[in-house]
Amino acid sequence: MIKQNKINRYSKNTRSVIKYVREKGPISRANLSVQMNISQPTMTRIIEKLVNAKILKETGLGTSSGGRRPILLEFNKNCSYAIGVELGRSDIKVALTDMEGNLLSFIMEETMPQYTIKDIVQLVDDSLKKILYETKIDDPYVLGVGVGMPGPLNETGDGRLSPPNFYGGHNIALKDILENKLSFPVTIDNDANVAALAEKWFGKGMEVENFAYIMADVGVGSGLIINNDIYRGINGEAGEIGHSTIDVFGEKCTCGNYGCLETFISLSAILNRFKKRLKLSTKAERSMFQQNTDLITFEDILSAAAKGSTIASQTLEETGLYLGVGIANLINLYAPETVIIGGKIGSSHPLIIKKTEEILQTRVTGKRSRNTKVFQSDLQNGVVLGAAALVIHRTFY
């Protein structure tokens with residue numbers, strides 16, 4: 001049986017009060033009544049119920065406007081908790097957060113290529129039980145479980161998923177499987193969307209209504225936030241920026257098309273370009289890499305750039321160039337207020353961002369859009385944190 005958190009039992013109207021206090025508090029009852037256009041008697045009843053349930057709490061006194069100073073209300077970040085799960089192709093991460101995204105417990109488990117969906121679900125269940133046992137959080141205080149995983153999810157009308165190269169799974173009723181195993185409500189979305197939500201709830205997108213989040217990592221994706229919510233498109237597949245075409249005569253992508261952005265700025269593409277340069281480079285450059293060429297990692301390239309490697313810096317700048325082209329295309333179509341770049345690549349080196357910003361100045365057509373702010377994400381474990389945010393978001397929107 002699915003366990004229901006106390007917040008989910010309230011009406012949408014009451015949940016909207018919780019959401020408003022969370023975002024705008026501390027705030028007085030009278031001011032809250034005016035701002036939300038809810039009569040004072042009704043608001044008083046709602047607040048009394050929420051204070052008794054320890055979802056809201058009284059905190060100090062406000063400024064008097066001619067009478068007694070009003071008691072201020074604020075959201076109790078420890079009234080409930082969210083579970084975030086990141087299902088990667090090489091590991092799974094499970095985290096518990098409070099309602100402000102503070103990471104209270106975190107477990108990462110490596111996976112093996114031969115694992116099945118059943119093995120992955122068991123890992124999640126074991127990790128979740130361990131977290132709840134160690135933190136002593138009782139089930140009624142858990143809002144739910146959010147899951148972020150590589151896209152595209154290729155979801156069918158009945159909710160079955162077929163993400164590419166995902167533990168041999170196809171047409172997986174993953175939501176039902178997880179809910180039956182975990183006994184908590186489960187919400188699933190692709191990793192770029194949940195990372196965008198992490199920025200919206202806890203990061204650099206908190207005060208921004210419309211922004212694009214770019215996930216540049218093993219693959220390349222984007223999450224689009226429009227009017228404070230995820231834009232998924234009519235089929236739930238919007239945001240696949242990694243599979244926008246950059247070169248019609250380019251290399252074949254894993255999706256089957258040619259010249260996709262992902263073939264230029266995924267981790268494997270960056271490593272391949274660097275290794276080709278390394279073979280033709282000077283002895284001094286090659287001396288920075290004593291290990292087998294096949295064992296060179298992205299982190300090695302970053303380290304070499306810091307030590308003055310010309311080819312490492314060239315590779316990073318070239319990555320910024322291609323990333324800039326992809327983002328320029330997105331800005332020309334969507335004109336977001338802000339672009340936030342995350343993932344291992346996007347948040348790794350200032351050279352990448354610097355080059356990206358230079359490209360935007362020449363490839364974005366609108367003069368005002370050329371000044372679109374570009375930020376590197378500074379959230380750690382953005383996907384698992386965003387998966388927890390997914391639960392919070394679904395509760396209040």
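Start with the inside of the protein: V17 and I55 touch the most other members of the largest nonpolar core, which holds 44 residues. Helix 1 (12-24), helix 2 (29-36), helix 3 (40-52), strand 3 (71-75), helix 6 (191-202), strand 9 (211-216) and helix 14 (382-396) are the elements that each give two or more residues to this core. Helix 14 supplies the largest share, eight residues. Please keep in mind that this is a predicted model. With that said, here is a short tour by topic.

**The nonpolar cores**
- Setting aside residues up to four places away in sequence, V17 touches L32, M36, I38, M43, I46, I47 and L50.
- As general background, nonpolar side chains tend to be buried together in soluble globular proteins.

**How helix 6 meets helix 14**
- Helix 6 and helix 14 pack with their axes 7 Å apart, at an angle of about 70 degrees.
- On the helix 6 side, the contact is made by D191, V194, A195, L197, A198, W201 and F202.
- On the helix 14 side, the partners are G382, V383, L385, G386, A387, A389, L390, I392, H393 and F396.

**Helix 11 and its two ends**
- Helix 11 covers residues 310-334, 25 residues in total, and spans 35 Å from its first C-alpha to its last, close to the 36 Å expected at 1.5 Å a residue.
- At the start of helix 11, a side-chain oxygen of S309 comes to within 3.1 Å of the backbone nitrogen of A312.
- S309 itself sits in the loop between helix 10 (298-306) and helix 11.
- S309 counts as buried because its relative accessibility is 0%, below the 20% cut-off.
- Apart from neighbours within four places in sequence, S309 is in contact with E285, M288 and A304.
- After helix 11 comes A335, which has a positive phi near 50 degrees.

**V142 in strand 7**
- V142 belongs to strand 7 (residues 142-149).
- V142 is buried, since its relative accessible area is 0%.
- Leaving out neighbours within four places in sequence, V142 is in contact with N5, Y81, I83, L132, I137 and F184.
- V142 and L96 are 46 residues apart in sequence, while their C-alpha atoms are 9.1 Å apart in space.

**Backbone details to look at**
- The peptide bond from G25 to P26 is cis, with omega near 0 degrees, and P26 lies in the loop between helix 1 and strand 1 (27-28).
- Another cis peptide bond runs from G151 to P152, with omega near -5 degrees; P152 is in the loop between strand 7 and helix 5 (174-182).
- N171 is also found in the loop between strand 7 and helix 5, and N171 has a positive phi of about 55 degrees although it is not a glycine.
- With a relative accessible area of 34%, N171 is partly exposed.
- N37, in the loop between helix 2 and helix 3, is a residue other than glycine with a positive phi, near 55 degrees.
- N37 is exposed, because its relative accessible area is 71%, over the 50% cut-off.

Definitions and conventions. Residues are numbered from 1 along each chain as its sequence is written. This is a predicted model: local features need pLDDT of at least 70, side-chain atom pairs count only at pLDDT 80 or more; totals for chains, interfaces and linings use all residues. Side-chain values use heavy atoms; hydrogens and water are left out. A nonpolar core is a set of buried Ala, Val, Leu, Ile, Met, Phe, Trp, Tyr and Cys residues joined through side-chain atoms within 4.5 Å. Buried means under 20% relative accessible area, exposed over 50%, partly exposed in between (1.4 Å probe, protein chains only). Helices (H or I, at least four residues) and strands (E, at least two) are DSSP runs, numbered from the N terminus. Contact means heavy atoms within 4.5 Å. The expected span of a helix is 1.5 Å times one less than its number of residues. A polar contact is a pair of N or O atoms within 3.5 Å; within protein, one must be able to donate a hydrogen and the other to accept it, and residues adjacent in sequence count only if both atoms are side-chain atoms. Axes are lines fitted to C-alpha atoms, for helices over the stretch in contact, and angles run from 0 to 180 degrees between N-to-C directions.
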